[in-house]
Amino acid sequence: MNDPVDILLVEDNPSDAELTMHVLERHNLAERVYVVHDGAEALDFVFGTGDYAGRDAANFPKMMLLDLKLPKIDGLEVLRRVKAEPRTRSIPVVVFSSSWEDRDLKAAQDLGADKYVVKPVDFAQFAEAVRAVLASGQGVR
């Protein structure tokens with residue numbers, strides 16, 4: 001899997017992943033979306049390890065949509081590791097979570113999340129936020 005990826009979607013809920021993919025496709029936000037289902041798989045994809053050891057780890061996604069409540073490694077730990085590594089810290093990360101808790105929002109912001117979107121969400125606003133992040137090539141706060 002060495003083709004460029006526009007968006008890495010990290011989502012363990014199949015219904016949420018399907019709905020997110022529908023919104024991305026409907027609004028023509030990304031041609032190449034790759035879905036992983038847990039935090040460990042997300043880190044392997046980004047860093048080119050584990051099942052993704054053959055992937056060109058220098059070929060980073062343009063953006064990561066990251067759920068917080070993930071199996072194996074939670075989303076905050078994924079965010080921490082991605083933003084701590086100089087090679088990957090510029091990847092815009094949009095946290096896409098069902099958590100309304102202030103501690104989750106603050107933790108995500110402190111770790112470098114570029115945007116925090118609570119689901120269920122107004123998908124028109126979500127689409128606009130994704131469009132802005134992709135267009136700018138940088139995160140949005």
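Predicted model: local features only at pLDDT ≥ 70, side-chain atom pairs only at ≥ 80, totals over all residues.

**The aromatic cluster**

Mentor: Tyr 34, Phe 45 and Tyr 52 form one aromatic cluster. Residues are numbered from 1 along each chain as its sequence is written, and side-chain values use heavy atoms, with hydrogens and water left out.

Now the rings. A pair of aromatic rings is described by the distance of the centres and the angle of the planes. Rings of Phe, Tyr and Trp (its six-membered ring) pair if their centres lie within 6.5 Å; planes under 30 degrees apart are stacked, over 60 edge-to-face, and the rest tilted. The structure holds three aromatic pairs. In one of them, the centres of Tyr 34 and Tyr 52 are 6.0 Å apart and the planes stand at 85°, so this pair is edge-to-face. Tyr 34 sits in strand S2 (residues 33-36), and Tyr 52 in the loop between helix H2 (39-47) and strand S3 (63-66), so the pair ties together parts 18 residues apart in sequence. Helices (H or I, at least four residues) and strands (E, at least two) are DSSP runs, numbered from the N terminus.

How open are these two? Buried means under 20% relative accessible area, exposed over 50%, and partly exposed in between (1.4 Å probe, protein chains only). Tyr 34 is partly exposed, at 25%. Tyr 52 is buried, at 9%. Tyr 52 also pairs edge-to-face with Phe 45: 5.3 Å centre to centre, with 75° between the planes. Phe 45 is buried, as is Tyr 52. Arg 55 lies over its face, 4.1 Å from the ring centre. For this, CZ of Arg (or NZ of Lys) must be within 6 Å of the ring centre and within 35 degrees of the ring normal.

Step back to the whole chain. It has five helices and five strands. From the N terminus on, the elements run β-α-β-α-β-α-β-α-β-α. Of its 141 residues, 47% count as buried. Contact means heavy atoms within 4.5 Å. Among contacts between residues at least 6 apart in sequence, 67% join residues at least 24 apart.

Next, the inside. A nonpolar core is a set of buried Ala, Val, Leu, Ile, Met, Phe, Trp, Tyr and Cys residues joined through side-chain atoms within 4.5 Å. The largest core has 26 residues, and Val 10, Met 64, Leu 66 and Val 78 touch the most other members. At least two residues of this core come from each of strand S1 (7-10), H2, S3, helix H3 (75-84), strand S4 (93-97) and strand S5 (115-118). H2 gives the largest share, five residues. There is a second, separate core of 15 residues, including Ala 30, Met 63, Leu 65 and Val 130. Back in the largest core, look at Leu 66. Beyond its neighbours within four places in sequence, Leu 66 is in contact with Val 10, Gly 75, Val 78, Leu 79, Val 93, Val 94, Val 95 and Phe 96.

Now helix H1. H1 has 13 residues and reaches 18 Å from its first C-alpha to its last, close to the 18 Å expected at 1.5 Å a residue. That expected span is 1.5 Å times one less than the number of residues. Its buried residues are Ala 17, Thr 20, Met 21, Val 23 and Leu 24. Seen down the axis, they fall within an arc of 160°, so they line one face of H1. The arc is that of the directions from the helix axis to the C-beta atoms. An α-helix has 3.6 residues a turn, so residues three or four places apart point the same way. The face of H1 turned away from the buried side carries the exposed residues Pro 14, Ser 15, Glu 18, Glu 25 and Arg 26.

Asp 16 is also in H1 (residues 14-26). Asp 16 is partly exposed, at 24%. Leaving aside neighbours within four places in sequence, it is in contact with Glu 11 and Lys 119.

Asn 28 lies between H1 and S2, and it is exposed, at 69%. Lys 72 is in the loop between S3 and H3. Lys 72 is exposed too, at 71%. Most residues other than glycine have a negative phi. Lys 72 has a positive phi of about 70°, although it is not a glycine.
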